[in-house]
Amino acid sequence: MQGQGYIRGIYPVFFLVFLFISCGVSKSLRDLPDISQYEAKTPERVRQSDSTFSSEKGYLTKNSYGLWELYIEGNPLELGLTTGSLTQELFHKQEDALLNKVNELVPSNTKQYLLRKFLAWFNRKMYLNIREEYKTEIYGISQYASETYAHIADAYPRILYLHGAHDIGHALQDLALVGCSSFAVWGDQTEDGQLLIGRNFDFYAGDDFAQEKIIAFINPDEGHKFMSVTWGGMIGVVSGMNDQGLTVTINAGKSKFPLVAKTPISLVTREILQYAATIEEAVAIARKREVFVSESIFVGSAKDKKAVVIEVSPKNFGVYEVQNTDQLICSNHFQSAAYAADKKNQRHILESHSQYRYDRMEELLGESGKTTVQAAVDILRDKQGLDGKEIGYGNEKALNQLLAHHGIVFKPEELLVWVSTNPYQLGEFVAYDLDEVFKKTVSDFQKAPLAEKNLTIPEDPFQHSREYQNYQEYRRLKNEVLTAIFNDQHLEQDLLTELQFSNPKYWEAYYLTGRYQYGKGYYTAALTAFEQALTKEITTVPDKENVMRYIKKIKRRLHL
């Protein structure tokens with residue numbers, strides 16, 4: 001399999017094997033954080049129901065929209081212990097969803113051994129690049145890790161390395177595997193002149209991974225209070241806003257293969273959110289941290305009334321901000337002067353779907369007039385290509401690729417945030433007012449819902465459509481066809497017809513049909529399928545070149 005059309009199929013392999021930590025990570029095992037400086041007692045968790053738990057320093061409940069809401073306060077050790085105690089079932093579920101797939105995806109004991117040895121070497125210096133307070137918080141969480149995976153590694157290093165999964169996932173493939181899309185508008189571009197930010201976090205690690213999203217509200221002893229969209233066992237930030245109206249989101253960039261793990265990007269953004277109030281302070285924090293992959297950190301600021309992109313990589317650093325416009329767009333390529341001569345970035349712009357999504361965001365923002373929160377949500381949910389072209393559901397050229405962990409909209413100057421509910425970005429966008437949330441104490445969280453129901457954005461009716469049902473059927477059939485291709489199994493031709501019928505505008509349906517037919521020696525049928533694929537909007541240049549190679553090989557075989 002070649003090309004980025006298979007990112008979603010390939011990505012979980014590399015994401016999950018990263019988590020398959022070796023017990024040989026001796027340095028990190030010895031480098032347990034010094035917790036003696038913190039006072040913290042083991043939290044006494046009170047189970048109020050199957051979906052509501054409380055303790056002295058925190059509260060967890062599942063709201064009516066299906067989102068888990070977590071509030072915690074205290075020093076780093078208290079934050080970790082409280083999070084681990086309250087979310088332990090969610091924590092274990094995430095570990096199960098991720099680690100149980102290792103044997104499925106890498107069944108060979110020999111390969112698992114080699115992977116563990118490689119990862120032990122690769123992660124050898126990560127602990128040197130993580131702040132003590134975050135190692136302490138991770139240590140606290142790790143006290144509630146599942147014992148099921150103790151044979152893989154002790155809990156603390158296992159959870160520590162989990163925080164680099166986003167980074168290593170795309171670095172191991174030398175691809176921008178997390179195809180996130182972000183935009184900000186302000187001034188003349190918005191209805192009230194205020195800063196408005198929207199983003200999709202297209203991070204896919206299997207369907208189960210995104211089921212139990214946690215909206216965490218953190219009140220640390222030091223730094224700013226902040227919210228973050230996260231999952232069990234994760235203290236890093238991929239999307240969040242603090243009580244100063246500073247927002248951070250991350251977009252993966254084109255990376256070289258790293259030789260050693262350093263600071264996970266989600267912990268850099270956590271530090272920014274906790275300790276920065278302005279863009280200048282955010283840039284200063286990002287500049288002093290060593291990362292091991294390329295990443296765009298999209299920062300919005302209520303105080304500065306604008307947004308910028310901080311572009312980081314192991315050997316370069318740049319800040320991109322727009323001039324003479326009230327609009328900033330970011331997909332998965334770099335835009336600052338620091339990367340103007342970067343050949344890897346230039347090639348990525350030409351060959352990937354990053355520029356296409358950038359252009360689509362620009363197109364939709366131009367059509368929306370004065371952008372509102374509803375308009376921002378509509379853009380995040382857009383499933384079409386440029387000029388409204390139907391490009392097939394699940395196409396990575398679409399802003400809504402029907403795989404996102406979450407979509408989110410920020411209105412920093414009012415401390416308002418909207419978070420999507422399942423599935424993908426199609427459910428309601430639930431509103432939270434951080435000014436109101438952070439006035440509460442632990443006991444207050446039990447008295448009234450946190451969500452601002454009157455501000456919530458309704459669900460996308462697409463999820464109830466025949467087209468959506470067909471797309472779900474397409475995903476099922478696709479997995480069946482992929483299995484048949486890999487294992488040289490027989491399929492009925494009717495199944496291939498159903499595959500194409502279920503997603504007729506998507507090039508991949510015809511490509512998979514062609515791959516199966518080619519493998520079985522049905523060259524005329526394969527040629528027809530590949531030629532049909534060429535008439536669709538193919539995701540990347542490498543994907544298109546791959547289709548054309550098959551066509552050439554078949555024509556040589558058939559002497560055409």
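Colleague: Which residues have the most contacts inside the largest nonpolar core?

Modeller: Good place to start! Keep in mind that this model is predicted. In soluble globular proteins, nonpolar side chains tend to be buried together. Here, the largest nonpolar core has 40 residues, and Ile272, Ile297, Val299, Ile310 and Val312 have the most contacts inside it.

Colleague: Which helix gives the most to this core?

Modeller: Helix 10 does, with 5 residues. Among the other elements that each supply at least two residues are strand 4 (68-74), helix 9 (265-275), strand 11 (295-301) and strand 12 (306-313).

Colleague: What does isoleucine 297 touch?

Modeller: Leaving aside residues up to four places away in sequence, isoleucine 297 touches Thr249, Ile250, Ile265, Val268, Thr269, Ile272, Ala286, Val308, Val309, Ile310 and Val312. Apart from this core lies another, of 34 residues, including Leu482, Ile485, Leu491 and Ala526.

Colleague: Now for sheets. In what order do the 6 strands of the open sheet stand?

Modeller: Follow them across as 14-5-6-15-16-17, with antiparallel pairing. From one strand to the next, the twist averages 10 degrees.

Colleague: Why is one side of strand 14 and of strand 17 left without a neighbour in the sheet?

Modeller: Strand 14 (327-330) and strand 17 (429-433) stand at the edges and each has a single partner strand, so one side of each has no neighbour in the sheet. For strand 14, look at strand 5 (residues 181-185): 4 bridges join the two, and alanine 184 in strand 5 stands opposite leucine 328 in strand 14.

Colleague: Which helix lies across strand 5 and strand 14?

Modeller: That is helix 12 (residues 354-367), running at about 150 degrees to strand 14.

Colleague: Is helix 13 mostly covered or mostly uncovered?

Modeller: Mostly covered: 6 of the 8 residues in helix 13 (373-380) are buried. They are Val373, Ala375, Ala376, Val377, Ile379 and Leu380. These buried residues pack against helix 12 and several strands, among them strand 5, strand 6 (196-201) and strand 17.

Colleague: One last feature. At what angle do helix 17 and helix 19 pack?

Modeller: First, the general idea: an α-helix has 3.6 residues a turn, so residues three or four places apart point the same way. In this model, helix 17 (residues 507-519) and helix 19 (residues 541-557) pack at about 35 degrees, with axes 12 Å apart, in a left-handed crossing. From helix 17, Trp507, Tyr511, Arg515 and Tyr518 meet residues of helix 19 that include Asn546, Tyr550 and Ile554. By class, this contact has 6 nonpolar, 1 polar and 4 charged residues.

Notes:
Residues are numbered from 1 along each chain as its sequence is written. This is a predicted model: local features need pLDDT of at least 70, side-chain atom pairs count only at pLDDT 80 or more; totals for chains, interfaces and linings use all residues. Side-chain values use heavy atoms; hydrogens and water are left out. Two strands pair if DSSP finds at least two bridges between them. Axes are lines fitted to C-alpha atoms, for helices over the stretch in contact, and angles run from 0 to 180 degrees between N-to-C directions. Contact means heavy atoms within 4.5 Å. Buried means under 20% relative accessible area, exposed over 50%, partly exposed in between (1.4 Å probe, protein chains only). A crossing is left-handed if the near helix is turned anticlockwise from the far one by less than a right angle, and right-handed if clockwise. Ala, Val, Leu, Ile, Met, Phe, Trp, Tyr, Cys and Pro count as nonpolar, Asp, Glu, Lys and Arg as charged, and the others, Gly among them, as polar. A nonpolar core is a set of buried Ala, Val, Leu, Ile, Met, Phe, Trp, Tyr and Cys residues joined through side-chain atoms within 4.5 Å.
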